Amino acid sequence: MTDTAVDTVTSVPVAVIGAGPAGLMLAHLLGRAGVDTVVVDTRTRHAIETTQRAGILEADVAHDLVGTGVSDRVLRDGDEHEGLELRFGGRPHRVHFKRLVGASVWLYPQTDVFTDLADARARDGGTVHFGVTDTEVLDVTTATPRVRWTAPDGTRHEVRARYVVGADGSRSMCRDLVPGDRRTRYGREYPFAWFGVLAEAPPSAPELVYAHSAHGFALISRRTETVQRMYFQCAPDESPEAWSDDRVWKTLQDRVAGDDGFRLQEGPVLEKTVLRFRSFVQEPMRWGSLVLAGDAAHTVPPTGARGLNLALHDVKVLAPVLLRALGREGGTALDDYQPQALRRVWRAQNFSYWMTQLLHTPPGGSAFDLRRQLGELDNVVGTPAGQAYLAEQYTGWPTRAH
Ligand SMILES: Cc1cc2nc3c(=O)[nH]c(=O)nc-3n(C[C@H](O)[C@H](O)[C@H](O)COP(=O)(O)OP(=O)(O)OC[C@H]3O[C@@H](n4cnc5c(N)ncnc54)[C@H](O)[C@@H]3O)c2cc1C
């Protein structure tokens, strides 16, 4: 495919693979500084907009969406959460972020973040090609990398860029362009997955509920007044089709049950998915004229609600670095990206791992393991330092803290 004829050839300073939050936010930030981009994505806009994913934004991220002119919808349609509930031993324990560390998070679905970013790109005249196939990234070790793709109508296109950003998510093909003997991949697989449920039901709680139980973990979160998002721990090879609505609700009810009589409000299950997860980091995040951002470079288990926030943090660091690299400083400016981005990535890896092992029941775990976990949870909610640690990590770290 590489040197076959194409129908069009254009040039742009930065080409971006992936129209997720990282790719679109980067294009938006560069566009504000007068730098054109071309973004390509294999999925259609409709497919991205209707795929349920993250829902929790750090307050800085929410304010960045407003402050950089993406949209102020998050402040109108989002819900500010000043804490969360940890349930264990059949009892609720509230962790009050605002009181502990003066911070909060915003409940605002990733589908809405995407819509805001895609609308902002369209409004500002940015170029985003959805639904492409056969993406190729060429010549990344030169100063003239190229990206090729096939449009939905079958025509083939090439864009020549100074830099290419691989923001192509957790199954990134861009990260494979860093040669095997020049990259290191750090990772960890988990022996369980999340069963994700979207249900038509009233909210069961005003804030997120993270529930530990002898039956396994469950997370209760809101979407709207009539639609709720919930997860429970399951086996990685679980099949969604094997689960009736009754079985889903019984599993969730068992995991949140307690002395206080707490019960979830039930309703028809609209969507069931199994989400396998892992911890992963690839270094370096830059290879020649290629830079990686977001899930392409690192993924975290969803327990700590960090992935979307990390992706947006990466491009907040990367945009000004790319502007310098496109100016007089040239490519050496890119050396500043990885150290700034990675420090937060590894903090988030640690927190996501910690939350995961704190709340999930390992298959084959002993009675000792369960009681030790309850001891750790008691340490978290029962000491000011434990509560403050959870609050500080969950709400994210100030963007400029290094
Ligand atoms: C169920 C679930 C719940 C989650 N909950 C949270 C949460 O509460 N909080 C949180 O912060 N994070 C959460 N996350 C993680 C969060 O969704 C991701 O970290 C985030 O989407 C990363 O953004 P990104 O732009 O790096 O990648 P993505 O959003 O994955 O975007 C990458 C894009 O690249 C495109 N692409 C891939 N390959 C190619 C190719 N070859 N050519 C062109 N395009 C390509 C894909 O189609 C995709 O649209 C959750 C994830 C899941 C799955």
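Modeller: Start at L322. It touches V14, L26, L30, Y163, V165 and L334, leaving out residues up to four places away in sequence. Contact means heavy atoms within 4.5 Å. This is a predicted model: local features need pLDDT of at least 70, side-chain atom pairs count only at pLDDT 80 or more, and totals for chains, interfaces and linings use all residues. Residues are numbered from 1 along each chain as its sequence is written, and side-chain values use heavy atoms, without hydrogens and water.

Biologist: Which residues have the most contacts inside the largest nonpolar core?

Modeller: L26, L57, V147, L322 and Y337, in a core of 74 residues. Such a core is a set of buried Ala, Val, Leu, Ile, Met, Phe, Trp, Tyr and Cys residues joined through side-chain atoms within 4.5 Å. Buried means under 20% relative accessible area, with a 1.4 Å probe and protein chains only. Helix 8 (residues 307-326) gives the largest share, 11 residues. A second, separate core has 29 residues, including F192 and F277.

Biologist: New topic. What is the strand order in the open sheet?

Modeller: 6-5-13-14-15-12-16-19, 8 strands with mixed pairing. Strands are DSSP E runs of at least two residues, helices H or I runs of at least four, both numbered from the N terminus. Two strands pair if DSSP finds at least two bridges between them. Strand 6 (91-96) and strand 19 (298-299) each have a single partner strand, so one side of each lacks a neighbour in the sheet.

Biologist: How many bridges join strand 12 and strand 15?

Modeller: 8, in the antiparallel sense. E200 stands opposite V227 in strand 15.

Technical notes. Buried < 20%, exposed > 50% of the residue type's maximum accessible area, 1.4 Å probe, protein only.
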